[in-house]
Amino acid sequence: MSTETDWPYLEIHQSRTREPSPYELKLAATLEEVFTEEGHELADVVRGLNTRQVHAPDGAAWTEDSFRAEMHRLGA
């Protein structure tokens, strides 16, 4: 039988330095929904977020560029 100490690199949140913000949790949940219902292409993701009125951090509608920038900022 193995324990967590046998696998020190299997820490689920090993790169996380803090708890996700409410915005990050909402974005993650909505992205899961979009991936499940609409697709994985960038255009699908942007359209899905905008359809669900989950706005970019500045309150604007998402664009492909703003989504890429936000994912980069979040380290995704």
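Predicted model: local features only at pLDDT ≥ 70, side-chain atom pairs only at ≥ 80, totals over all residues.
The lining of the largest pocket holds four nonpolar, two polar and four charged residues.

**The pocket**

The volume of the largest pocket is about 290 Å³. Its lining counts 10 residues, and Arg16, Arg18, Pro20, Glu24 and Leu74 are the closest to the centre. Two elements each give two or more residues to this lining: helix H1 (22-37) and helix H3 (64-74). H1 contributes the most, with three residues.

**Helix packing**

Two packed helices are described by the angle between their axes and the distance between the axes. The table sets out these values for each pair.

| Helix pair | Angle between axes | Axis distance |
|---|---|---|
| H1 and H2 | roughly 120 degrees | within 9 Å |
| H1 and H3 | about 125 degrees | 13 Å |
| H2 and H3 | roughly 95 degrees | within 10 Å |

**H1 with H2**

Helix H2 spans residues 42-51. H1 and H2 cross at roughly 120 degrees. An angle of 65 to 115 degrees would count as roughly perpendicular, and H1 and H2 are therefore oblique to each other. Their crossing is right-handed. On the H1 side, the contact uses Leu27, Thr30, Leu31, Val34 and Phe35. On the H2 side, the partners are Asp44, Val45, Gly48 and Leu49. By class, the contact of H1 with H2 has six nonpolar, two polar and one charged residue.

**H1 with H3**

H1 and H3 pack at about 125 degrees. That angle makes H1 oblique to H3. The crossing of H1 and H3 is left-handed. H1 supplies Tyr23, Glu24, Leu27 and Leu31 to this contact. H3 supplies Phe67, Glu70, Met71, Arg73 and Leu74. The contact of H1 with H3 divides into six nonpolar, no polar and three charged residues.

**H2 with H3**

The axes of H2 and H3 cross at roughly 95 degrees. That makes H2 roughly perpendicular to H3. Leu42, Ala43, Val45, Val46 and Leu49 of H2 meet Glu64, Phe67 and Arg68 of H3. This contact of H2 with H3 has six nonpolar, no polar and two charged residues.

How values were computed
Residues numbered from 1 in each chain as written. Heavy atoms only, no water. 1 Å grid on protein atoms, 1.4 Å probe; cavity = no way out; pocket = protein on both sides within 12 Å on 5 of 7 lines; lining within 4 Å. Points joined across faces, edges and corners; volume = space filled by probe spheres on them. Helix = DSSP H or I, 4+ residues; strand = E, 2+ residues; numbered from the N terminus. Nonpolar A, V, L, I, M, F, W, Y, C, P; charged D, E, K, R; others polar. Axes fitted to C-alpha atoms, helices over the stretch in contact; angles between N-to-C directions. Parallel < 35°, antiparallel > 145°, perpendicular 65-115°, else oblique. Left-handed = near helix turned anticlockwise from the far one by under 90°. Contact = heavy atoms within 4.5 Å.
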